[in-house]
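I set down what I looked up, entry by entry.

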Amino acid sequence: MPLLCPTGLSPLATEAMKKNILLIFRNPPFANSSNSDTLDIALACSAFELPVSLLFLSDGILQLLNHQQAELLAQKDLRKRLNALAMYDIEDYYVIDQDLIRYQLSVEDLSLACKVITQQQLAALIRQFDTVINL
Amino acid sequence: MIFSILIYASSNSSQTEQSALRFTRAVLQQGHSIHRVFFYGESVNACSNLIVTPRDETNITEQWLTLASAAKLDMVVCISAAVRRGILDGAEAKRHNKSSANLSEGFQLSGLGQLADAIIMSDRTITFGN
Amino acid sequence: MTQANPATLHIISKSPTHQQLYRDIANALLDDDAILFIEGGVYACCGTEATALLAATNNIYALSIDAQSRGLANTTPAAITLISDQQFVELCCQYHKTLSWF
């Protein structure tokens, strides 16, 4: 099995580690496991010192709503883990203004301090990344 | 170029696995290399050796294993995704006190660090999902 | 192998009835990006629902095997280039990254 740990990588690989990654959350809470699976990828990438940014797109912003009570459905509340992201140096979060408008939300309704970008800025944001994962 | 493949299909009867397999073959045929194939989410179900495929259908697991042994592919199955879906290797079966293991020989259970490593070490990481 | 191209190859595997997905993709596209329809995504080759995408970039491809298997090979508009698995790999090399939409 290849290396598990980034230490001891070749200089070429160290160079490669300057890659950054964007992870896209596109599903509402409780729909399937994709938001949780995406979050796990974020933490793993961060542990390997890949700079990680998160985009909450379309229904993905609903994952961030305050006042959720996941325990009523015997589900895990992903926000506890989302709120711990800063400890993993993951602090770059984006939402789209149109998605906020669609659900009549403001950033105060969201559990993470997200940067709001316009629809027109989305493509330019995506351009900045070397890898995008969109489960 | 160095490729890695992330498979996130919702079932192993879906076309997604087939697309990923054909793509992986095409990558190798053109002289590129595959650093890793990483099975995540529901895709881990394809790695069970208890799957019985109807005779008139294709057994995708066997196709992966054939390709893997010919091309020495590193096929990693996300351990947490696998265990929660009842895909266990010998060590996990023992750890969780289960009566048997069912991970097909040729796949390895490991953590998401293997996906992060694949992203770092590969020029391209291609996701196949549905 | 040139890596100068910073653009993205968008790989779409859902049909255009997934309207919000297609709206998101339209917003995520820059004009030098490329689109590749695979699996159920190839249904975008018929009908008009993918028009917004077709207007956003000239680089549009569909995986031939997926179009053929669905009976669409002969109805694919000229603006969409049918490609093989080999050409799919080549496209991945040509573009800086891929973004899968499903």
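**Entry 1: the largest cavity**

I worked from a predicted model in which local features need pLDDT of at least 70 and side-chain atom pairs count only at pLDDT 80 or more, while totals for chains, interfaces and linings use all residues. Residues are numbered from 1 along each chain as its sequence is written, chains are lettered from A and ligands numbered from 1 in the order in which they are written, and side-chain values use heavy atoms, with hydrogens and water left out.

I noted the rule: on a 1 Å grid over the protein atoms alone, a cavity is a set of points where a 1.4 Å probe fits but cannot get out, whereas a pocket is an open set with protein on both sides within 12 Å along at least five of seven lines; lining residues have an atom within 4 Å of a point. Grid points are joined across faces, edges and corners, and a volume is the space filled by probe spheres set on the points. By this rule I count 1 cavity of 30 Å³ or more.

Which residues line the largest cavity? I listed B:Thr127, B:Phe128, B:Gly129, C:Ile11, C:Ser13, C:Ile38, C:Glu39, C:Ser100, C:Trp101 and C:Phe102. Strand S5 (124-129) of chain B and strand S5 (97-101) of chain C each supply at least two residues of this lining; S5(B) gives the most, with 3 residues. Here helices (H or I, at least four residues) and strands (E, at least two) are DSSP runs, numbered from the N terminus.

**Entry 2: C:Ser13**

I then looked up one of the lining residues, C:Ser13. C:Ser13 sits in the loop between strand S1 (8-12) and helix H1 (19-28) of chain C. Is C:Ser13 buried or exposed? C:Ser13 is buried, at a relative accessible area of 11% (buried means under 20%, exposed over 50%, partly exposed in between, with a 1.4 Å probe and protein chains only). Setting aside neighbours within four places in sequence, I found C:Ser13 in contact (heavy atoms within 4.5 Å) with B:Gly129, C:Ile38, C:Glu39, C:Gly40, C:Gly41, C:Trp101 and C:Phe102.

**Entry 3: the largest pocket**

I turned to open space, and the largest pocket holds about 490 Å³. Of its 22 lining residues, A:Ser33, A:Ser36, A:Lys76, A:Leu78 and A:Arg81 are the closest to its centre. Helix H2 (34-47) and helix H3 (78-82) of chain A, with helix H3 (79-84) of chain B, are the elements that give two or more residues to the lining. H2(A) gives the most, with 4 residues.

I read the secondary structure of chain A as 5 helices and 5 strands, in the pattern α-β-α-β-α-β-α-β-α-β along the sequence. Of the 135 residues of chain A, 52% count as buried.

The contact between the two chains takes 22 residues from chain A and 21 from chain B. Together the chains bury about 1,800 Å², 69% of it on carbon and sulfur atoms; buried area is the accessible area (1.4 Å probe) that two parts lose on being put together, summed over both. On the chain B side, B:Tyr8, B:Ile119 and B:Ile120 lose the most area to chain A, together 34% of what that side buries.

**Entry 4: B:Glu42**

B:Glu42 counts as partly exposed, at 33% relative accessibility. The C-alpha atoms of B:Glu42 and B:Tyr8 are separated by 6.6 Å, although the two are 34 residues apart along the chain.
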